[in-house]
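Here's a quick briefing to read alongside the coordinates. It starts with the surface, moves on to the overall fold, and ends on one patch.

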Amino acid sequence: MSEAFARDPLFLHLFGDSELDEKAKNSMVAFVSFMFDKSFLPNEEAWGIFESDNLLGTYLIEKPSVSKLQNIKGTLFTVLYLIRLIPKISEKALSLLNTYMRITRPASPSLTHHYLIMIGVKPEVQGKGVGKSLLLHLLNKINMSDTSQGVALDTENIENVNLYQRFGFILKRETQINHVPVYCMFYQKK
């Protein structure tokens, strides 16, 4: 799935151009693998669309409020996964990711909600409804939830802002991280 993020402004800033630089590609693949590995923790979930055995698109979400025990387990496993990731990405990228989290997470509302960690569609099937299907599945999940009041997300692509707005997301905050624009959005459950 890393190719789905090859032109993403944040990934370009963090890792460099993965289409031109092998080191950038390896770092990006390691990071996306890390994100998928930790999505199997109790407080996260991965969902994807497949054709045969080919993953066409996926999203990763963080679930709202889990028990303290699940939080402790999740934190421990995240640290273990992070230890494996650290040698594969630069210290600068790790620092920027930490800054990103510190800046974007407070933009989420105080309501109990899901957080869309990432959503991606393979470039060769973009524009064919895969992303729309993923978003509709996610929003249906949110609307059926007894605990979640919505879903927060962050995007660095201005084009995505209009797309998410068509699905009912509201732009809550605009900011920048090292000259990379970041748009914090929220979908409130109906």
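Predicted model: local features only at pLDDT ≥ 70, side-chain atom pairs only at ≥ 80, totals over all residues.

As for the inside, 46% of the 190 residues count as buried.

**Fold and layout**
- You'll find 6 helices and 6 strands in the protein.
- Going along the sequence, they come in the pattern α-α-β-β-α-α-β-α-β-α-β-β.
- The radius of gyration is 16 Å, close to the 16 Å that the globule rule gives for 190 residues, so the protein is as compact as a globular protein of that length.

**Contacts along the chain**
- Take the contacts between residues at least 6 apart in sequence: 68% of them join residues at least 24 apart.

- Which residues make the nonpolar surface patch of about 370 Å²? Phe77, Val79, Leu80 and Ile83 do.
- One of these, Phe77, sits in helix α3, which covers residues 68-85.
- Why does Phe77 count as partly exposed? Its relative accessibility is 40%, and that class lies between the buried limit of under 20% and the exposed limit of over 50%.
- Patch members need over 30% relative accessible area, and Phe77, at 40%, is past that mark.

Conventions: Residues numbered from 1 in each chain as written. Heavy atoms only, no water. Patch = residues over 30% accessible without salt bridge, like charges linked within 9 Å, V, L, I, M, F, W, Y side chains within 5 Å. Areas by Shrake-Rupley, 256 points an atom, 1.4 Å probe, with all protein chains shown as cover. Salt bridge = Lys/Arg side-chain N within 4 Å of Asp/Glu carboxyl O. Helix = DSSP H or I, 4+ residues; strand = E, 2+ residues; numbered from the N terminus. Buried < 20%, exposed > 50% of the residue type's maximum accessible area, 1.4 Å probe, protein only. Rg over C-alpha atoms; globule rule 2.2 N^0.38 Å. Contact = heavy atoms within 4.5 Å.
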